[in-house]
Amino acid sequence: MTAGAKHLEITLETQVESVNLAEEMCLRVAEAAGFGEDDCYRIGMSVREGVINAFHYGNQERPEKKIYLALDITPEKLIIHVLDEGTGFTLEDVPDPLAEENLLSTSGRGIFLMRAFMDEFEVVQGRNGGAEIVMSKKLPNLGGSSPNGQGGREAAPGQGA
Amino acid sequence: MPLRATHRDAGPVTVVDLSGRITLGDGSALLRKTVRGLLEDQRKKILLNLADVDYIDSSGIGELVSGFTAVKNQGGDLKLLQLTKKVRDLLQITKLYTVFDIYTDEDSAVRSFR
């Protein structure tokens, strides 16, 4: 950890309430870090989708499994980790929700939204073999995020879900 | 804010006034229950008024799509009215803006049902 960095982590139960709890916690951190309203919305939504992914796809809604959420604030950016206790997945296997045949799908848009709303996004294998989502957003005073919320990037077609 | 849903008649159209968040859990479940209940009552011309819905997550988007498909499959139509900026932006980046029939004023929306 570099000088000036802050670290926060919480273990969440595999239950719907954890989604709201994670979102609220990250919103407070993002506000304290100086992000504007629109960026806070995007960060909160991304955390929400990350925890939904862990709750539903990773942990299969099994209550004995845990979800691990960690936040790091470095001098440059806010980094968010969401780790589940599932079997992991790769982005290449996630269907593109923008493909014509998937437009009317009732699920599969969470990864796409995280990619669209955050500056950096990847999925790696976690320490326990589950999926670990790692996503970040540059702190607003560095010019990477803007007060009007345009600090995200376009999700690459064919890779999001 | 938890989702609230009430419905009223506008001629042959049922207008559902929604307020709050359509998210994983109770919000999505209430939207599902509301649309399915209207279909059971043979109300197949449904206009969802989203003017007071300020937040939708992927679960809520999925439920909107599910309702749209369920109504279409029964020969009806489900349209959207008065999207907030955040909801409109979400539907645009997910390409659903072109799937749903979306209106900014209620009279035009009601007249559009055949």
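Visitor: What makes H2(A) and H3(A) roughly antiparallel to each other?

Guide: In this predicted model, the axes of H2(A) and H3(A) cross at roughly 150° and come within 9 Å. Angles over 145 degrees count as roughly antiparallel, and therefore H2(A) and H3(A) are described in that way. The crossing of this pair is left-handed.

Visitor: Which residues make the contact of H2(A) with H3(A), and how do they divide by class?

Guide: H2(A) contributes Arg42(A), Met45(A), Ser46(A), Glu49(A), Gly50(A), Ile52(A) and Asn53(A), while H3(A) contributes Gly110(A), Ile111(A), Leu113(A), Met114(A) and Phe117(A). By class, 6 of the residues in the contact are nonpolar, 4 are polar and 2 are charged.

Visitor: How do you know that H1(A) and H2(A) are also to be called roughly antiparallel?

Guide: Their axes cross at roughly 150° and come within 8 Å. The cut-off for the term is an angle over 145 degrees, so H1(A) and H2(A) are roughly antiparallel to each other. The crossing of H1(A) with H2(A) is right-handed, whereas that of H2(A) with H3(A) is left-handed.

Visitor: Which residues of H1(A) and H2(A) meet?

Guide: On H1(A) they are Ser18(A), Val19(A), Ala22(A), Glu23(A), Cys26(A), Leu27(A), Ala30(A) and Glu31(A). Their counterparts on H2(A) are Cys40(A), Ile43(A), Gly44(A), Val47(A), Arg48(A), Val51(A), Ile52(A) and Phe55(A). This contact has 11 nonpolar, 2 polar and 3 charged residues. Ile52(A) belongs to the contact with H1(A) and to the contact with H3(A).

Visitor: Why are H1(B) and H2(B) called roughly parallel?

Guide: These two helices of chain B, residues 26–40 and residues 58–73, pack at an angle of about 10°, with their axes 9 Å apart. Angles under 35 degrees count as roughly parallel, and H1(B) and H2(B) are therefore roughly parallel to each other. The residues in contact are Gly27(B), Ser28(B), Leu31(B), Arg32(B), Val35(B), Arg36(B) and Leu39(B) on H1(B), and Ser59(B), Gly60(B), Glu63(B), Ser66(B), Gly67(B), Ala70(B) and Val71(B) on H2(B). The class count for this contact is 5 nonpolar, 6 polar and 3 charged residues.

Visitor: Why does Glu61(A) count as exposed?

Guide: Glu61(A) has 12 C-beta neighbours inside 10 Å. The limit for an exposed residue is 12 or fewer, so Glu61(A) counts as exposed. Glu61(A) is located in the loop between H2 and S2 of chain A, and has a positive phi of about 60° although it is not a glycine.

Visitor: What makes Gln42(B) exposed?

Guide: Gln42(B) has 8 other C-beta atoms within 10 Å. Since exposed residues are those with 12 or fewer, Gln42(B) is exposed. The loop that holds Gln42(B) runs between H1 and S3 of chain B. Gln42(B) is not a glycine, yet has a positive phi of about 65°.

Visitor: Which residues touch the most other members of the largest nonpolar core, and which elements supply this core?

Guide: The core has 35 residues, of which Val51(A) and Val82(A) touch the most other members. At least two residues each come from H1, H2, S2, S3, H3, S4 and S5 of chain A. H2(A) gives the largest share, 8 residues. Leaving aside residues up to four places away in sequence, Val82(A) touches Gly50(A), Val51(A), Ala54(A), Ile67(A), Leu69(A) and Ile133(A).

Visitor: Which residues does the second, separate core include?

Guide: This core has 29 residues, including Leu64(B), Val65(B), Leu81(B) and Ala109(B).

Visitor: What is the pattern of chain A along the sequence?

Guide: The pattern reads β-α-α-β-β-α-β-β, with 3 helices and 5 strands in total. Of the 161 residues in chain A, 42% are buried. Among its contacts between residues at least 6 apart in sequence, 71% join residues at least 24 apart.

Visitor: How many residues of chain A are in contact with chain B, and which elements give two or more of them?

Guide: The contact joins 17 residues of chain A to 16 residues of chain B. On the side of chain A, the elements giving two or more residues are H1, H2 and H3. H2(A) supplies the largest share, 5 residues. This side of chain A divides into 11 nonpolar, 3 polar and 3 charged residues.

Technical notes. Residues are numbered from 1 along each chain as its sequence is written. Chains are lettered from A and ligands numbered from 1 in the order in which they are written. This is a predicted model: local features need pLDDT of at least 70, side-chain atom pairs count only at pLDDT 80 or more; totals for chains, interfaces and linings use all residues. Two residues are in contact if their C-beta atoms, placed from the backbone, lie within 7 Å. Helices (H or I, at least four residues) and strands (E, at least two) are DSSP runs, numbered from the N terminus. Ala, Val, Leu, Ile, Met, Phe, Trp, Tyr, Cys and Pro count as nonpolar, Asp, Glu, Lys and Arg as charged, and the others, Gly among them, as polar. Axes are lines fitted to C-alpha atoms, for helices over the stretch in contact, and angles run from 0 to 180 degrees between N-to-C directions. Angles under 35 degrees count as roughly parallel, over 145 as roughly antiparallel, 65 to 115 as roughly perpendicular and the rest as oblique. A crossing is left-handed if the near helix is turned anticlockwise from the far one by less than a right angle, and right-handed if clockwise. A nonpolar core is a set of buried Ala, Val, Leu, Ile, Met, Phe, Trp, Tyr and Cys residues joined through C-beta atoms within 7 Å. A residue is buried if 20 or more other C-beta atoms lie within 10 Å of its own, exposed if 12 or fewer, and partly exposed in between; C-beta atoms are placed from the backbone.
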